[in-house]
Amino acid sequence: MASHTQNLDPVCHIVTPVGMLGYGLDEPATRAALSSLISTGVSTALILDSGSTDSGPSKLALGEMSCQRSAYTRDLSKLLKLVHDFKIPLLFSSAGGAGTDDQVEEIVKVIEEIAAEEGNEHYDLRTVAIYAGIDKTTVLERLEAGEITPCGASVPKLTEKDVTASRCIVAQMGPQPFLDAMRDYPDFNLIVGGRAYDPSPYVAYAAHVSGVPLDDWSSKELRLQVGGFTHMGKIMECGGVCAIPKSQGAIATVYRNGTFDIAPLDSNARCTPVSVAAHALYENSRPTILIGPGGYLELTGVNYEQLPDGRTVRVHGAMFHWGREKQIGVPYQVKLEAARVVGYRAMYMGSIKDPILIRQLDSLLERVRLYVAEQHKDAQGPWELEFHKYGGPGGTNGTDNSDAPVPEVFLIGEVLASSQELATSLASTAKVATTHGSYAGQKATAGNFAFGIGGLMTIPCGPCAEFCIYHVMNLGDGEEGLHGSSRLFSSKKMTIGKQQPTPTPTPPPATETTTTVAKKETSKAAQAPPNPESDNYLPHGTLGKFASVVRSKNAGPYEVTFDVMFDSENQYNLIKESGIFSLETVADILGVSNERDIVWCGFFDPARAFKVTIPRKAMRGGGGRRRLTSGGYMEQDVHAAQQHVPLMYMKLPGELVDRLARVR
């Protein structure tokens, strides 16, 4: 047995019921897991993430939250009851989705409302709110001083206009503010964090209960400890995504030396060394170096070990390298995020079935543009009109220009203008022109367009947002925490609840194992149906016939990353040795005009995977436009989760196909 698995000293258990607060959670399964873990006498906490840039810029530009307020009320009602019943802390970061100061305050109000409900009079929530908003004056000063740089080659340089046009600016806090809050208020049982690096509360809690310092990089032992805590948090913040099949929640046991065990909350799922290693691919530009606040996580020497229960994986070997180490010499840096409003949108949508029109739809739509321009030649302010086409020749779903009959095309006309009134007027005029325009050989003279979905002819969409800040800012000594001389982050302590005596004693913890209890309680609602024979849908000799996973996902607002994974070690090795994934070939398949624009391309053996990351501007959006960031005008795949299809249909050499078919 390896030395890192001997004499392990557990410092905490962490339960993450779901990968995103507000998405819904399985309370019985979470309760069952906590009952088992509490009985060990080891410190236990509920920790979740609550934010992301995945769903676009509206949260930052407009103040919207990721989920409905009622969804946060639902999830927090369950979680706060668990906090009370088990006397354990709850920590979550990026409150409300963007983690702005306003959203932190709003989530605190939700908690206050829950605590005030009848039946919750006994709640005693010793709460710390942590704020991650950064003053624009500070950002402008650091920009002038050259202390702000783009977060990656795909991100343009920051300008003063970007700063002033943004609604607010947040920084992805590292673990230090959370750790400071826990040390300042050791009786806490609830932390509501603003925008943070997703693993931050996990790292901070593990460091707090273990006493491991986060400001000392003098030894390999400390790099392994903090590396393990960070790696654990990076996996856990997504809940059960690391499991097979992917599920809602996950459980981690963290050891003093940085080793950790991870298992899914759902007893019908399991973690394997490959599924856990594969999480390093998910949403990341590259799988071995993950950059975060204050440094980077190195995963090149990580060991993944399947434990005897067949569903738990033990992980060890991640190293965290502080930027301030002498050999690196980089100040502590945090990522800044912000977005701005660039106009107002409106749209109309419907379908076209007439085969005569479908074959000349592009010509009709060009005349629609001309008609709209003629009718609005005196419009005040700039505007744009573009079209999303689904199905048909040249459609945005990847349909080619073959002569095969097309039964139907779905069309969305989208307008961006300087005011909502103008945008709606433009969309309304375009709908009229689409419905009644003439075309060669027309037989259906009553109308071209089937519309009226949802009872609306034209749909005003409100303000259109786009990301404008996605940059890293250098910090001075101590600014990464709550106690620096020039404080960037702040906190507020409060007690929420009436603190009345509990009317009945809390039931004693169960003695059954987590797996046994969860098997009884795990909800079946979100379980996937049996896996169909998906290979039957793919042509012979294509990459998708042999890969177990072909996926795409945004890696921040400016990049898209692609993963191809294999169940078979032998097939993976054949693919790797074949050389089919040259930069030239990959660029051609993904539509990247210059292969030098590829951000990262290579293989990741622990997950039997090939990975490539490209700038989002290389990805064609609606109307054939190339977009710089996610979620703006003419967006049609904000998660970039449907960009993988060209790789799935990648044609393999015949000899390679024959060899792949002979091995398993």
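Which residue takes a positive phi in the hairpin of S8 and S9? The legends below, all drawn from a predicted model, begin with that hairpin.

**Close-up 1. The hairpin of strands S8 and S9.** Four residues stand between the two strands of this hairpin, and Gly258 is the residue that takes a positive phi, near 100°. Strand S8, which covers residues 250–255, pairs with S9 in the antiparallel sense over five bridges. Within this pairing, Ala252 has Ile262 of S9 as its bridge partner.

**Close-up 2. Strand S9 and its surroundings.** S9 runs over residues 260–264, and because five of its five residues are buried, the strand is largely enclosed by the rest of the structure. The cover extends to both faces, with Phe260, Ile262 and Pro264 buried on one side and Asp261 and Ala263 buried on the other. S9 also pairs with strand S13 (residues 313–316), again in the antiparallel sense, through three bridges. In that pairing the bridge partner of Phe260 is Val315 of S13.

**Close-up 3. Ile134 in the largest nonpolar core.** The largest nonpolar core holds 77 residues, of which Ile14, Ile134, Ile191, Val254 and Leu336 touch the most other members. If residues up to four places away in sequence are set aside, Ile134 touches Val139, Ile169, Val170, Ala171, Leu336, Met473, Leu488 and Phe489. As a general point, nonpolar side chains in soluble globular proteins tend to be buried together.

**Close-up 4. The salt bridge of Arg340 and Asp162.** A search of the whole structure finds 31 salt bridges, and in one of them the side chains of Arg340 and Asp162 meet at 2.8 Å, N to O. Arg340 belongs to strand S15 (residues 333–352) and Asp162 to helix H6 (residues 160–165), so the pair ties together parts that are 178 residues apart in sequence. Arg340 has a relative accessible area of 18% and is therefore buried, while Asp162, at 10% relative accessibility, also counts as buried.

**Close-up 5. The salt bridge of Glu386 and Arg369.** The side chains of Glu386 and Arg369 meet in a salt bridge at 3.1 Å, N to O. This pair links distant parts of the chain, with Glu386 in strand S16 (residues 383–390) and Arg369 in helix H12 (residues 361–375), 17 residues apart. Glu386 is buried, its relative accessible area being 15%, whereas Arg369 counts as partly exposed at 25% relative accessibility.

**Close-up 6. The salt bridge of Lys576 and Asp605.** Lys576 forms a salt bridge with Asp605, and the closest N and O atoms of the two are 2.9 Å apart. Lys576 lies in helix H15 (residues 569–578), and Asp605 lies in the loop between strand S23 (600–604) and strand S24 (609–615), so the pair ties together parts that are 29 residues apart in sequence. Lys576 is partly exposed, with a relative accessible area of 34%, and Asp605 is likewise partly exposed, with a value of 42%.

**Close-up 7. A network of salt bridges.** Glu27, Arg31, Lys81 and Asp85 are linked in a network of salt bridges. In general, side chains of opposite charge can pair when their charged atoms come close.

**Close-up 8. Thr495 in strand S20.** Thr495 has its place in strand S20, which covers residues 490–496, and is partly exposed with a relative accessible area of 41%. Not counting residues up to four places away in sequence, Thr495 touches Asp124 and Leu125. The C-alpha atoms of Thr495 and Thr445 are separated by 69 Å, with the two residues 50 residues apart along the chain.

Notes:
Residues are numbered from 1 along each chain as its sequence is written. This is a predicted model: local features need pLDDT of at least 70, side-chain atom pairs count only at pLDDT 80 or more; totals for chains, interfaces and linings use all residues. Side-chain values use heavy atoms; hydrogens and water are left out. Buried means under 20% relative accessible area, exposed over 50%, partly exposed in between (1.4 Å probe, protein chains only). Two strands pair if DSSP finds at least two bridges between them. A nonpolar core is a set of buried Ala, Val, Leu, Ile, Met, Phe, Trp, Tyr and Cys residues joined through side-chain atoms within 4.5 Å. Contact means heavy atoms within 4.5 Å. A salt bridge is a side-chain nitrogen of Lys or Arg within 4 Å of a carboxyl oxygen of Asp or Glu.
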